[in-house]
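The stops below can be taken in order.

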Amino acid sequence: MGVNPEIEGRVYPPTEPYLVGREKIREFARAVFATNPTSFDVDSARAAGHADLVAPPTFPVIVQERALAQLVADPTTGIEPVNLVHSTEHATSHRPVVAGDELSAVLTVTHVTSRGPHTLLVADIEIHDATGDHVSTMTSTLFVRGEE
């Protein structure tokens, strides 16, 4: 079974809220070799005008992955996880993520294109905070290998 082309345009429900913690920001910052003190020291973050520690710009990928998990787990998509490769990624930050944010994501399948037995699938993931403010937009292109 290949990817179901009728999933183009499908919108998944918001993910459960993800509470951004200080230690998660510090761990992520160390993992991506970030050096900005606003990601490690609350006083530095506040001196820079932020409410709390500031996450590196790619931090929303944690919330994005929860939205992508919904897509992959959906049995009506025809996506076999073993055949899935995350091809490209694009992120647009609308505001910094800070400790204390509660983030959730909504995934929309924007394009499904057959390439012979394979499929290219594009998903936009909109990430909002608990007040509804738009925090980030992530666009993922997925390559789903088909049977040859």
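Predicted model: local features only at pLDDT ≥ 70, side-chain atom pairs only at ≥ 80, totals over all residues.

Residues are numbered from 1 along each chain as its sequence is written, and side-chain values use heavy atoms, with hydrogens and water left out.

**Whole chain**

Start with a cartoon view. The protein has 3 helices and 5 strands, in the order β-α-α-α-β-β-β-β along the sequence. Helices (H or I, at least four residues) and strands (E, at least two) are DSSP runs, numbered from the N terminus. Along the principal axes, the C-alpha atoms fill a box of roughly 55 × 30 × 20 Å.

Switch to a surface. Of the 148 residues, 38% are buried. Buried means under 20% relative accessible area, exposed over 50%, and partly exposed in between (1.4 Å probe, protein chains only).

Contacts (heavy atoms within 4.5 Å) can be considered next. Among those between residues at least 6 apart in sequence, 67% join residues at least 24 apart.

**Nonpolar core**

Select Phe59, Leu71, Leu107, Val109, Leu121, Ile125 and Ile127: of the 31 residues in the largest nonpolar core, these touch the most other members. Such a core is a set of buried Ala, Val, Leu, Ile, Met, Phe, Trp, Tyr and Cys residues joined through side-chain atoms within 4.5 Å. At least two core residues come from each of helix 1 (22–31), helix 3 (61–73), strand 3 (102–115), strand 4 (118–128) and strand 5 (134–144). Strand 3 gives the largest share, 5 residues.

Now centre on Ile127. Leaving aside residues up to four places away in sequence, Ile127 touches Pro60, Val63, Gln64, Leu103, Ser104, Ala105, Asp133, His134, Val135, Ser136 and Met138.

**Aromatic rings**

Which residues do ring pairs link into a cluster? Select Tyr18, Phe28 and Phe59. Rings of Phe, Tyr and Trp (its six-membered ring) pair if their centres lie within 6.5 Å; planes under 30 degrees apart count as stacked, over 60 as edge-to-face and the rest as tilted. The whole structure holds 2 aromatic pairs.

The Tyr18 and Phe59 rings have centres 6.3 Å apart and planes at 50°, so this pair is tilted. Tyr18 is in strand 1 (residues 18–19) and Phe59 in the loop between helix 2 (42–47) and helix 3, so the pair ties together parts 41 residues apart in sequence.

Phe28 and Phe59 make an edge-to-face pair, at 5.2 Å centre to centre and 75° between the planes. Phe28 lies in helix 1, 31 residues from Phe59. Phe28 is buried at 14% relative accessible area, and Phe59 is buried at 0%. Tyr18 is buried too.

**Two single residues**

Go to Thr119, in strand 4. Thr119 counts as buried, at 5% relative accessibility. Its contacts, not counting residues up to four places away in sequence, are Val3, Val112, Thr113, Ser114, Leu142, Phe143 and Val144.

Finish at Phe33, in the loop between helix 1 and helix 2. Is this residue, Phe33, buried or exposed? Phe33 is exposed, with a relative accessible area of 71%. Check the backbone as well: Phe33 is not a glycine, yet has a positive phi of about 60°. Most residues other than glycine have a negative phi.
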